[in-house]
Amino acid sequence: FARMVAALGGPADIFAARDTLPRAPVVRPVSPERPGIVTAMDTRAIGLAVIGLGGGRTRADQGIDPRVGFSGFAALGEAVDAARPLCFVHAADEAAAARAAEAVREAITVGDAAPAVAPVVRERVA
């Protein structure tokens with residue numbers, strides 16, 4: 001991961017430098033539209049929301065804003081409400097934070113019952 005970050009123009013020592021990385025000026029919780037349990041996530045849509053914030057790029061000549069992105073995502077099967085948000089958005093300004101929050105709300109399905117969880121190890125091949 002550190003080599004990838006460096007290849008994209010970020011710090012080569014990202015893990016050692018994590019406390020010195022720039023912070024986003026706007027950090028907001030993304031509350032769900034209603035209380036419930038996280039039943040599904042559209043990870044592609046979340047990735048596109050990061051690009052929309054400026055934390056990724058669609059062309060190699062574009063810059064990346066290392067301040068922006070998401071943190072603290074609720075896991076599948078986890079209860080969410082006003083006290084436990086879906087995640088936190090880190091944005092350059094309030095308008096970008098609002099757009100990203102809406103994208104996350106559309107990408108995460110909140111229902112009434114926990115989804116069936118597949119086993120971590122499906123089968124062993126010897």
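These legends describe close-up views of a predicted model. Local features need pLDDT of at least 70, side-chain atom pairs count only at pLDDT 80 or more, and totals for chains, interfaces and linings use all residues. Residues are numbered from 1 along each chain as its sequence is written, and side-chain values use heavy atoms, with hydrogens and water left out.

**View 1. Helix α2 and its buried side.** Helix α2 spans residues 43–53. Helices here are DSSP runs of H or I with at least four residues, strands are runs of E with at least two, and both are numbered from the N terminus. Ile 46, Ala 49 and Leu 53 of α2 are buried (under 20% relative accessible area; exposed is over 50%, partly exposed in between; 1.4 Å probe, protein chains only). These residues cover an arc of only 55° around the axis, which puts them on the same side of α2. The arc is taken from the directions that lead from the helix axis to the C-beta atoms. The buried residues of α2 pack against β3 (69–71), β5 (87–91), α3 (94–107) and β6 (108–111). Contact means heavy atoms within 4.5 Å.

View 2. Asp 42 caps the N-terminal end. One of its side-chain oxygens lies 3.3 Å from the backbone nitrogen of Arg 44. After α2 comes Gly 54, with a positive phi near 100°.

**View 3. Helix α2 against helix α3.** The two helices pack at an angle of about 175°, and their axes are 9 Å apart. Axes are lines fitted to C-alpha atoms, for helices over the stretch in contact, and angles run from 0 to 180 degrees between N-to-C directions. α2 and α3 are therefore roughly antiparallel to each other (over 145 degrees; under 35 is roughly parallel, 65 to 115 roughly perpendicular, the rest oblique). From α2, Ala 45, Ile 46, Ala 49 and Leu 53 make the contact. From α3, the contact residues are Ala 96, Ala 100, Ala 103 and Ala 107.

**View 4. The sheet β1-β5-β3.** Three strands form this open sheet, with antiparallel pairing. Two strands pair if DSSP finds at least two bridges between them. β1 and β3 stand at the edges, each with a single partner strand, so one side of each has no neighbour in the sheet. From one strand to the next, the twist averages 25°. α3 packs on the sheet and touches β1, β3 and β5. The direction of α3 makes about 25° with that of β1. α2 lies across β3 and β5, at about 125° to β3.

View 5. Side chains alternate along β5. Cys 87, Val 89 and Ala 91 point to one face and are buried. Strand β1 (residues 26–30) is joined to β5 by five bridges, and Val 27 stands opposite His 90. β3 pairs with β5 over three bridges. There, Ser 71 has Phe 88 as its bridge partner.

**View 6. The sheet β4-β2-β6.** This open sheet also has three strands and antiparallel pairing. β4 (79–80) and β6 are the edge strands, and each pairs on one side only. Two bridges link strand β2 (residues 36–41) to β4. Gly 36 stands opposite Val 80 in β4. α3 lies across β2 and β6, running at about 55° to β6.

**View 7. Asp 65 in its loop.** Asp 65 lies between α2 and β3. Its relative accessibility is 18%, so Asp 65 counts as buried. The side chains of Asp 65 and Arg 67 make a polar contact at 2.8 Å. A polar contact is a pair of N or O atoms within 3.5 Å; within protein, one must be able to donate a hydrogen and the other to accept it, and residues adjacent in sequence count only if both atoms are side-chain atoms. Leaving aside neighbours within four places in sequence, Asp 65 is in contact with Gly 54, Gly 55 and Ala 92.

**View 8. Asp 13 in its loop.** Asp 13 is found between α1 (2–7) and β1. Asp 13 is partly exposed, with a relative accessible area of 44%. Its C-alpha atom is separated by 24 Å from that of Phe 88, 75 residues apart along the chain.
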